[in-house]
Each structure stands twice: as C-alpha cells, then as structure tokens.
Amino acid sequence: MSVRARSDGVIVLTKACPAEDAEPLLRLMIERPGSTVDWRSCEDVHAAVVQVLLASGATMRGAPRSHFLARFVAPLLKQAEF
Amino acid sequence: MNEFVEQFLIEARELVQQSTDDLLALEADPSDRERLDGAFRAFHTLKGGAGIVEFGAMVSAMHAAEDLLAEVSAGACEVTPTLISECLSCIDLVLLWLDDMQRTGEPPADAGRAADAMVARLRQMRSREVPEPARLAAADSSDWVLALSAAPADVAREALTAVRLTPDPDSFFEGGDPLAKMAELPGLVALHLAPAGEWPPLEAFDPFECRLVLTALSAEPAERLAEWSAPLAGQVEVRSLRSSDADQPHLTAPARSVIEAQLLLLAEGGADGFDGRLASAGRVAANVLRREGLPLQADVVERTLLGCLAAKEAGPLAATLERVLAGKLAVGDDPTAAGPTDSRRTPHDSSIRVLRVDIERVDALVKLAGELTVAKNALAHAASLADRETDPKAIAAMLKNQSAAVGRLVLQLQQAVLNLRVLPLRQVFQRFPRLVRELAGGLGKSVTLVLHGEGVEADKVIVEALFEPLLHVLRNAIDHGVEAPDARAATGKSANALIHLRAERRGEHVIIEVEDDGRGIDVDRVRQIAVERRIADSDAVRTMSDADVVDLIFTPGISTASGVTALSGRGVGMDAVRTAVSRLGGRVSVESRSGHGATVRITLPFTVVMSRVMTVEAGGQPFGVPLEALVETLRLPRARIRSLGAGMAFVLRDRTVPLIDLSDSLGARGAPATGEMANVVVASVAGHWAGLEVDRVGERMDVMLSPMEGLLAGMPGVAGTTLLGDGRVLIVLDLEALVG
C-alpha cells in the first residue's frame with residue numbers, strides 16, 4: 001500500500017501508486033476533507049489516483065520525482081504554500 | 001433464400017405498412033401518442049430485424065429514424081408535414097431494399113450510400129437547438145482546442161497537434177491507465193485534465209470509474225501520432241492545429257466536419273449496431289472524399305472499412321480518418337486491403353410466393369382430409385364387395401351412397417382450399433392513403449381518402465391485381481375530377497376533397513367503388529374529343545345518351561386533359577383499367593354527376609379459380625366457354641352464313657355477328673365443316689358479340705382451373721385447363737384473346 005496517513009494528518013503517497021490506491025485515498029479524503037498530500041517520492045501515479053486528487057481538491061506538498069508528473073500533472077492540482 | 005431472410009421480408013413488409021399507417025395518422029393528429037409510439041416501435045423492430053440479417057446500412061437508417069422520433073416523443077421536436085415526409089421517405093427506401101432482397105436473397109450491397117444520405121436527412125430534422133452532430137462536433141472540438149491554446153506562448157508556438165482522450169468509464173477495470181498513455185504521447189508539450197461533467201460529491205464518488213477527459217498538445221504533426229493513437233481508436237481525437245504540409249489537397253470545412261462526425265460515430269461504444277456504425281462512418285467518409293475530388297483517399301478509406309468489417313474492429317478506420325484530417329493519408333497501394341472482388345449477388349428465383357393463412361382454415365382442411373379418408377375407405381370396401389357380392393343392385397346402392405358422400409366432401413374441399421387463397425382487400429387498400437396524399441400534394445390539391453369495407457375478402461390474385469387499376473382510377477379522380485382548392489371554394493365546396501374507396505360483397509361478386517366529390521365528367525368535352533379523335537363520328541355522338549358518352553372514357557385514346565399534367569394525360573388511363581378488370585373476369589363502369597363528382601364501379605368475381613363453363617366440342621377436343629360470356633347457343637342454317645371481309649358472319653336479331661370456326665381457329669380443323677346446320681355458341685366479348693362454330697354443345701359445368709404452365713403457358717386463347725371425368729383435358733377458352 002502506497003497510501004498512508006501520517007500522524008500529523010498528512011497523507012503520504014509513495015513511489016508507485018496503482019489504481020487500487022484510489023479507494024483508500026478517497027476514504028481518507030472523505031474523513032479529513034482538505035487534507036494535504038505529500039507525493040515527493042512518487043514516480044508513478046495511476047490515473048485513478050490522480051482523479052481522486054482532482055475530485056477531492058487535495059492540496060499537494062512538494063514536487064513528485066517523476067518528470068511527467070511534475071511538469072504536467074502538478075500544475076493541475078492545488079499546491080501547498082510554504 | 002435462407003429462412004431468416006424470408007421471415008425478415010415478411011415481417012418487414014408488415015412493419016412498413018404499420019409505420020405508414022401510424023405516420024399518416026400522426027400527421028393528421030400530432031398529439032396522438034399511440035401512433036407516435038407505434039411508429040417508433042415499428043422502426044425499432046425493423047432495426048432489430050435488419051441486425052439479425054446483417055443489413056448494417058438499414059440498421060443505421062432505422063436508428064436515425066428512431067432517434068428522430070425519440071426527440072418528438074421527448075417534446076424536443078415537432079410533428080410537421082416535412083418531418084412525416086422524411087420518415088415516409090425512409091420507409092420508401094426500406095421498401096426498395098426489401099424488393100432488392102426479395103430478388104437476390106441478400107441485403108443490397110450498395111445500400112450504404114442511400115442509408116447515409118437518409119441518416120443525414122433525418123438528422124437535419126432534429127431540434128434546432130441541437131444542430132447536426134457534425135456541426136456540434138466542430139463547435140465542441142474547437143472549445144477544447146481553444147482551451148489548450150491558452151497555454152503559455154512558447155508552448156502554443158510549438159504545438160502542432162491537439163489531442164483529446166476520453167477513456168471509457170471502465171478503462172480502469174480493463175487495466176488501462178490513460179494518464180500513462182498521455183505520458184507516452186510523442187512531443188507532449190501541454191496536458192490538461194478535466195472531469196466529464198461535474199465532479200460528484202466525494203461520498204458518492206466511484207474511484208474506479210474513469211470520468212476524466214484528457215487533453216494535450218503535441219509538438220509532433222498528427223501523422224506521427226498515428227501509432228500512438230491507434231490502440232486508443234474510439235476514445236481519442238487528434239486534430240492538427242495548422243496544416244503542416246502543403247502538398248496534400250486541402251479538405252473544405254464542411255468536409256472536415258462530416259469526417260469528424262464519423263470519428264465521433266466510431267467513438268460510440270457498445271456492440272449494439274457496431275457494424276452499422278462502422279459501415280456508415282466509412283461510407284460517409286468515402287463519399288465526402290469523393291465529392292471533394294479525392295477519389296484515391298476515398299478508396300483507401302473504403303478498403304480500410306472492408307478490413308474493419310471483417311475483423312469487427314473500428315481502430316484502423318478511425319486511424320485512417322484521422323490521417324485524412326491531418327492531410328497525411330498515404331494513397332499508395334495498401335497491402336493490407338483485400339476487399340471482396342465483387343458483390344456476392346447471384347440472381348435468385350424471384351417467385352417467392354407466400355400466403356399468410358388463418359389457422360382455422362388450415363384446421364378445416366385437416367378435418368376434411370380426415371373425412372375424405374373415411375369416404376375413401378368406404379369406397380374401397382364397396383369395391384372389394386363388388387367382387388364377391390352377386391347382387392348388382394346392392395352394389396349400385398352402396399356406390400351411389402359413397403359417390404354422394406365423396407361428392408359432398410370434395411365440394412367442401414374445393415371451398416376450403418379456395419378460402420385459403422382469399423385475402424381481405426385491406427391488403428391493397430391500405431397502400432392508397434399514402435399515395436393519395438402524395439398525388440394530391442404534387443398537384444396542389446387537398447384530398448382525403450376514406451376507406452370502407454377493407455375487411456371484404458377476395459381471391460389473392462384479384463386483390464393483388466387490383467392495385468394498378470385502382471391507382472389509375474384514383475389518379476384520374478385527383479387529376480381531372482377534383483378541383484383546385486380555390487375552385488372548390490368558389491362553388492361552395494369544402495377545400496378538402498373527399499374520395500371514398502369502398503368494397504362490398506354481393507353474392508358471388510365483389511363490388512369496388514371509387515367515389516369522388518369533384519366536378520364530375522365533362523360530358524360535352526368527351527363528346528368533342530371523341531369526334532376529334534375519330535373514336536365515334538359526330539352523328540353517333542350526338543344521339544348517344546350521356547351515360548354512354550361517359551362510358552367512352554374507357555376507350556383507348558381518350559384523354560380529356562387539355563395539357564399533360566404530372567400524372568395523367570398521356571392516354572394511359574381508363575382503358576387500361578377496363579382491360580385489367582376484364583382480364584380478371586370483371587366489369588367496370590362509371591357514373592357521373594355533373595358538378596358533384598363521379599363514381600367508378602368495378603364488379604369482380606369473388607374467386608378467379610372456380611369457373612362456370614359451357615362445354616363444347618370442336619375437332620374432337622372438349623372446350624369450355626366461360627358462362628358469364630355466353631349469350632346463347634343456337635343451331636344456325638348454314639345458308640345464313642355469309643362471308644364478310646376476310647371472315648364469315650351471320651345476322652342475329654338485327655345484329656351482325658362475326659362467326660369463327662373454333663376448331664379452325666385453334667388449328668385443329670381438318671376438312672371444313674359441312675352439314676346443313678351449324679352449331680353456334682354466341683358469346684359477348686368486350687361488349688361485342690361473336691359466334692363460335694362448334695361440333696357439339698355440351699352441358700354447363702363448374703370447373704376448377706389449373707393455371708397454364710410450361711409449354712402451354714404461352715398458348716393464346718386459353719385461360720386454363722381441367723380434367724374431365726372421362727380423363728380428357730378440357731380447355732377453357734380466353735375469349736378476348738381468341739376473338740379480339
């Protein structure tokens with residue numbers, strides 16, 4: 001499982017997030033609306049997961065490892081301000 | 001013809017009739033939901049049937065009609081005469097196809113073009129807020145392309161192609177990752193993700209349903225994206241942002257729109273109607289390319305289509321169309337294309353003759369067959385007794401009984417069999433309301449046809465043969481009888497003319513009447529024309545009663561139209577009606593009420609197949625003279641026979657009657673007849689008397705005619721044959737052919 005909630009409430013996505021991660025992510029976003037998602041170690045995120053991020057209005061922290069995600073997907077998501 | 005096709009043809013024709021009725025009724029009362037539903041169901045069922053016999057083009061056309069009627073049902077579209085006309089045209093197209101299939105046993109190979117045109121026409125009828133999908137697609141597409149063009153300037157500068165990926169909702173289940181796919185797009189310079197519609201509230205969100213629409217810009221020209229887009233066919237749109245190459249001919253904007261619409265069509269998912277969509281999309285695209293003067297590209301599209309139809313996939317066709325749009329279609333030899341060499345059409349025997357029969361009539365026959373078997377057994381018993389029994393009287397009594405029983409049963413059998421062949425006149429009547437509507441419309445007249453007695457039955461042969469003569473009569477009534485609406489108003493008549501088409505059974509005859517409330521027959525004009533055209537001389541015409549003058553309209557050569565209208569006036573008309581009706585053993589007459597209309601009355605025998613004849617013998621051969629034509633039989637002193645021109649004649653009650661030697665005219669006479677007295681049968685043929693000299697006159701008989709077949713079929717003067725009790729063949733004469 002590459003989706004987990006940290007003790008401080010931030011949802012962490014690690015490395016490769018397959019389609020199955022969409023459901024747990026969605027549950028977490030329903031439990032804590034407006035949560036921040038840390039995807040700094042992501043190399044590959046399935047469209048289903050990105051869909052949940054978009055639909056839930058998640059705030060992203062940091063830039064993902066994958067060039068594609070960073071250049072093309074990140075601009076579509078809310079970014080956390082430091 | 002395989003039985004699916006046979007069944008399809010029967011049911012389709014019924015559905016065509018059904019939908020025509022419903023559409024016409026709907027036109028008269030647009031609020032009639034039952035009729036609207038009826039028409040919709042008819043198209044829907046036709047679509048299903050077409051699918052079963054793999055007639056893709058018809059599936060498309062029916063689907064388009066269904067869509068149109070669905071919009072009417074939803075209130076998005078109004079019932080107008082134009083809409084009804086378009087639906088009726090669609091029906092006409094189906095009829096043409098059905099006739100073709102009847103002949104060949106297969107769906108017509110060239111139906112695609114006509115189907116496409118019809119689909120386009122039906123689409124155009126749809127509600128104005130939603131114009132043709134072609135236009136819609138263009139508007140929609142430019143929106144997304146425009147949105148992408150709002151990208152940063154440097155990106156916009158580089159971008160050559162815009163791509164939109166709309167994955168199926170189940171893409172995730174199928175293991176696909178549209179985002180990854182986008183990541184692989186060659187030359188990706190910009191990406192956008194948006195939901196199709198609004199995002200649902202999270203609680204109701206299904207994370208495994210793909211609701212994303214992915215759009216992107218690529219720095220690569222469209223054709224380099226072909227390989228990337230090929231597996232996504234049906235879900236992806238690729239649009240060139242500017243023409244990157246000048247040497248391929250440019251497609252006009254409408255052509256582009258149509259081809260884009262075909263891509264949309266191909267993108268529609270679902271197995272239902274897949275073949276139809278595929279065939280339709282391919283053919284429309286090819287047609288458009290041809291019209292754009294790009295026959296080579298059209299050929300490539302068609303070849304790709306054939307391959308796709310065979311492989312049951314749309315991918316290659318969509319890719320080809322995208323290349324067309326990108327102006328990058330290679331028109332060289334395509335090794336993968338291997339279309340069938342030619343249409344698989346082989347002429348089939350066209351005489352598929354089918355009867356729908358009430359099950360009760362069949363049961364009645366089964367019962368009769370049983371009773372005949374009993375009678376047969378009884379006869380066999382009597383025959384075996386005849387060997388043993390020494391008392392001839394007892395045998396004679398038994399045989400007489402059995403003969404009577406069998407005779408009775410056979411009569412019932414004849415009747416039951418004939419009853420199989422009778423059809424209600426509805427079969428022919430119901431074709432007319434639609435035709436009248438069009439005939440009247442074409443002449444700027446307003447006519448309503450009212451049917452009566454459609455349930456009256458007559459022999460199948462008669463019912464089928466009535467169509468042409470009735471059509472002539474109706475045409476005449478609408479063209480010459482019914483006045484233009486303002487002329488009618490001027491004489492105090494309603495602007496809408498009424499024509500009644502009636503059927504009634506009277507004893508052994510069926511009476512059919514066509515009554516109109518027009519201006520009636522202009523008797524003086526007919527008199528004038530009869531003289532002008534030398535049909536009768538002026539003296540005769542002056543002394544003729546009005547009724548007789550009116551009857552002259554059945555003479556060939558009379559046409560009272562001062563000009564030739566779209567319909568009549570070419571001399572084909574009422575004389576053809578009289579000929580046709582006579583051939584069926586009937587009579588036709590007309591009654592006119594000056595200024596108020598006319599009634600054409602056709603009297604026909606209930607059945608054709610049972611014939612009453614007077615038997616005669618000539619040259620050793622028995623003949624039958626139809627009883628209805630018989631005037632009298634007489635023994636004529638030979639001295640009274642004179643030569644007249646090339647033939648012979650005699651005078652009977654002040655009439656000169658031509659005399660024909662029957663055996664002579666049939667080529668059977670050896671030596672000329674001698675003897676003081678000649679046996680003559682006087683018959684009435686087309687209004688004139690003729691005498692037939694015969695050797696012997698026999699008795700009256702009821703015969704069931706066998707139709708002439710094979711070698712005898714072309715024999716002139718013969719209406720049919722039957723077997724006599726003594727085993728000889730009786731030839732029933734066709735007097736008109738013989739004497740006329």
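Lys47(B) sits in helix H2 of chain B, which covers residues 33–52. This is a predicted model. Is Lys47(B) buried or exposed? Lys47(B) is buried, because its relative accessible area is 13% and the cut-off for buried is under 20%. Which residues does Lys47(B) touch, apart from neighbours within four places in sequence? They are Val59(B), Met62(B), His63(B) and Glu66(B).

Next comes the meeting of the two chains. On chain B, 23 residues are in contact with 23 residues of chain A. Together the chains bury about 1,900 Å². Carbon and sulfur atoms account for 77% of that area. The rule finds 6 residue pairs in polar contact across this interface, counting pairs with both residues at pLDDT 80 or more. Two elements of chain B each give two or more residues to the side that touches chain A: helix H8 (178–183) and strand E2 (188–195). The largest share, 6 residues, comes from E2(B). By type, this side of chain B has 17 nonpolar, 2 polar and 4 charged residues. How many salt bridges does the rule find between chain B and chain A? It finds 0.

Now the aromatic rings. A pair of rings is described by the distance of the centres and the angle of the planes. Over all chains, the search finds 5 aromatic pairs. Two of them, both in chain B, are set out here.

| Pair | Centre to centre | Angle between planes | Type |
|---|---|---|---|
| Phe173(B) and Phe208(B) | 6.4 Å | 50° | tilted |
| Phe432(B) and Phe467(B) | 5.3 Å | 15° | stacked |

Phe173(B) is exposed, with a relative accessible area of 62%, while Phe208(B) counts as partly exposed at 22%.

Phe432(B) lies in helix H17 (residues 432–442) and Phe467(B) in helix H19 (residues 467–481), so the pair ties together parts that are 35 residues apart in sequence. Both Phe432(B) and Phe467(B) are buried.

Last, helix H21 of chain B, residues 523–532. Its buried residues are Val523(B), Val526(B), Arg527(B), Ile529(B) and Ala530(B). These residues pack against helix H22 (538–543) and helix H23 (546–551) of chain B. Just after H21(B), Arg534(B) takes a positive phi of about 60°.

Conventions. Residues numbered from 1 in each chain as written. Chains lettered and ligands numbered in written order. Predicted model: local features only at pLDDT ≥ 70, side-chain atom pairs only at ≥ 80, totals over all residues. Heavy atoms only, no water. Contact = heavy atoms within 4.5 Å. Buried area = accessible area lost by both parts, 1.4 Å probe. Salt bridge = Lys/Arg side-chain N within 4 Å of Asp/Glu carboxyl O. Polar contact = N/O pair within 3.5 Å; in protein donor to acceptor, adjacent residues only side chain to side chain. Helix = DSSP H or I, 4+ residues; strand = E, 2+ residues; numbered from the N terminus. Nonpolar A, V, L, I, M, F, W, Y, C, P; charged D, E, K, R; others polar. Buried < 20%, exposed > 50% of the residue type's maximum accessible area, 1.4 Å probe, protein only. Phe/Tyr/Trp six-rings, centres within 6.5 Å; stacked < 30°, edge-to-face > 60°.
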